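Colleague: Please take a close look at a single ligand site in this entry. Describe the surroundings in one connected account.

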Amino acid sequence: MTDILVYVPNSSKHAAEVLTLARSLGDVAAIAFDDAAASLAGEYGAAKVHKVEAAGVDDYFVDPKATVLIDLVRQSTPGFFLLPSTDEGKALAARVAVALETGLLTDVSGLEADGTATQDAFAGATVVKSKATKGFTLATVKQGALDPAPAPGSPAVETVTANVAESDQRVRVAERVDEPAGDRPNLAEARIVVSGGRGVGSSEDFALVERVADALGGAVGASRAATDAGYYPHKFQVGQTGTTVSPQLYLAVGISGAIQHRAGMQTSRTIVAVNKDADAPIFGMADFGVVGDLFEILPQALEAIEKRK
Amino acid sequence: MNIVVLVKQVPDSGLARQLDDQLRVDRNGANNVMGELDEYAVEAALQLKEAHGGEVTVLTLGPSQATETVRKTLAMGADKALHIEDDAVGGSDALATSKILAAALGRLEWDLVIAGAESTDSGMGIMPQMLAARTGVPALTGARKIDTDGTAITVEHQRANGYDVLTASLPAIVSVWDTINTPRYPSLKGIMAAKRKPVETLALSDLGVDAAEVGPSGANNEVLSAAERPPRTAGQIVTDEGQGGTALAEFLAAEKFI
Ligand SMILES: Cc1cc2nc3c(=O)[nH]c(=O)nc-3n(C[C@H](O)[C@H](O)[C@H](O)COP(=O)(O)OP(=O)(O)OC[C@H]3O[C@@H](n4cnc5c(N)ncnc54)[C@H](O)[C@@H]3O)c2cc1C
Ligand SMILES: Nc1ncnc2c1ncn2[C@@H]1O[C@H](COP(=O)(O)O)[C@@H](O)[C@H]1O
């Protein structure tokens, strides 16, 4: 079977999804820079793990990891090299593409063994099939492309020792600032997302959106109009320039459903909308919708939810 | 400090877009605009120029109608532009595009290149890193804030749950998200002044790029087919007449979300 090289950055659901997709294509050799990533690779069926020991690799941005990946791809001549479609995954893939003069497919949601990839174009309005025509298939895999399926095994672990070359020390990570994650589920991975838009009207009233999310055990999201207006922090923005979500339930309140917003949520399994404008585009994609004032509808729904619990 | 801003003309992402019969982005419609994130790149460049002096040069690769986008950047306040236009470019993949843009960057003098974090048509978000690899300068991508003293540069690299502070020496390449600033509108005076600003147009041969390396013949990927995403089946829409919240809860319960 073809060898599938996979970059595993951490133990996230997204990384597990990439491993699951890779396994359907052939024998997986994972590249992990830490123990958590290496053990995820074993849990999700990698036959082999390149465990990289590179002191100081995290002190610099992109370059040192890119060098390690380029070397490993050169040595192992895989049929596919897959990375998660995150900012880091895409940056690394771009470096590999230039170094090896190979094509790059970003944000793929499916891959077949013959290399045919499925990609969304135009914020998901168009579905494209594409393929690398030269060399191997280098692709970044979109979050939420499939359900991760564990396949625990005991991969052969090969330790790769690397030094961070001086030429890779140009962009220093001077500081990492993590904003408190809070008690709610992670937006990108949540099973339920309740998002508020401009219609929520103020940051105080976002508390209502939070209460609904908490009653359902979900994460809170927001449209760009809501984050731009300062109703809710930018990191919760869903859409083209925010987070892409693919939950079981997406509940949009006071959101019109602009193309750029839909780009980040249209693969949700069930979409529910509350909007006072019956012509809002969001209703065109909703499985269930209520036309009316969110300040009437949500408190009543909350009461009914509490009663049912 | 001399800055090059990379801008790409794209079909308006808020309107319906399509692929043409060769499965390329249809750029012949009337709805072409400056890449929506590239406006933030132009604004960032203008603010740095206002603080540090120097010149802002706009670089674009695209068909003749991309001139409109170039004019807009000049009207916003950029000083001059280089427009790479060649019929052989259509159908190029990102790798080939990066070859052409890197060659063009080689002809310009700059301390800093500023790009959008991603284009809003193909939306790959990889060009700035590809250009860093080709030009050999550091890349600080995905910025929500830029600080520079003209020698070193510091950016806040935006992440889902916070940010990283990145530092490097100039020359460097930076890409920006829409959180970085609020782009200005061209003023009437700016629009008038733009008419007199120099725009140089060059072809591939001027850059020493072989046409066979770009376009469909040079591409490493091929689009096999494209289809409209099937619309979601119409759902049930109810109008609130005092029962809307209860109806919502009932739906959620029936779908086992409660
Ligand atoms: C390059 C680019 C990138 C973008 N990226 C994103 C992105 O990542 N995410 C994103 O969301 N947008 C993005 N946008 C912006 C997008 O085009 C829309 O402007 C935005 O999604 C609108 O947000 P909204 O639906 O909250 O606001 P609006 O479009 O103003 O809609 C508000 C809705 O609330 C309803 N409403 C008002 N009051 C009430 C009430 N009391 N009860 C019930 N309903 C009410 C109104 O009927 C209306 O439909 C992007 C735009 C560009 C150009
Ligand atoms: N044809 C082009 N001409 C000029 N700049 C470009 C071009 N393509 C991409 N860019 C720049 O690179 C950024 C990222 O593009 P992409 O990798 O295509 O998403 C864009 O926001 C532009 O700043």
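**The site of ligand 2**

Modeller: A polar backbone atom of B:L6 lies 2.8 Å from an oxygen atom of ligand 2, a polar contact (a pair of N or O atoms within 3.5 Å). The model is predicted, with local features needing pLDDT of at least 70 and side-chain atom pairs counting only at pLDDT 80 or more, while totals for chains, interfaces and linings use all residues. Residues are numbered from 1 along each chain as written, chains are lettered from A and ligands numbered from 1 in written order, and side-chain values use heavy atoms without hydrogens or water.

At B:L61, a backbone N or O atom is 2.9 Å from a nitrogen atom of ligand 2. At B:G116, a polar backbone atom is 3.0 Å from an oxygen atom of the ligand. On its own, ligand 2 has 480 Å² of accessible area (Shrake-Rupley, 1.4 Å probe), and the protein covers 97% of that.

Three elements of chain B each give two or more residues to the shell: β4 (56-61), β6 (112-116) and α4 (127-135); helices (H or I, at least four residues) and strands (E, at least two) are DSSP runs numbered from the N terminus. With three residues, β4(B) gives the most.

In total, 19 residues surround ligand 2, each with a heavy atom within 4 Å of it. By class, the shell holds ten nonpolar, six polar and three charged residues, with Asp, Glu, Lys and Arg as charged, Ala, Val, Leu, Ile, Met, Phe, Trp, Tyr, Cys and Pro as nonpolar, and the others, including Gly, as polar.

Technical notes. A polar contact is a pair of N or O atoms within 3.5 Å; within protein, one must be able to donate a hydrogen and the other to accept it, and residues adjacent in sequence count only if both atoms are side-chain atoms.
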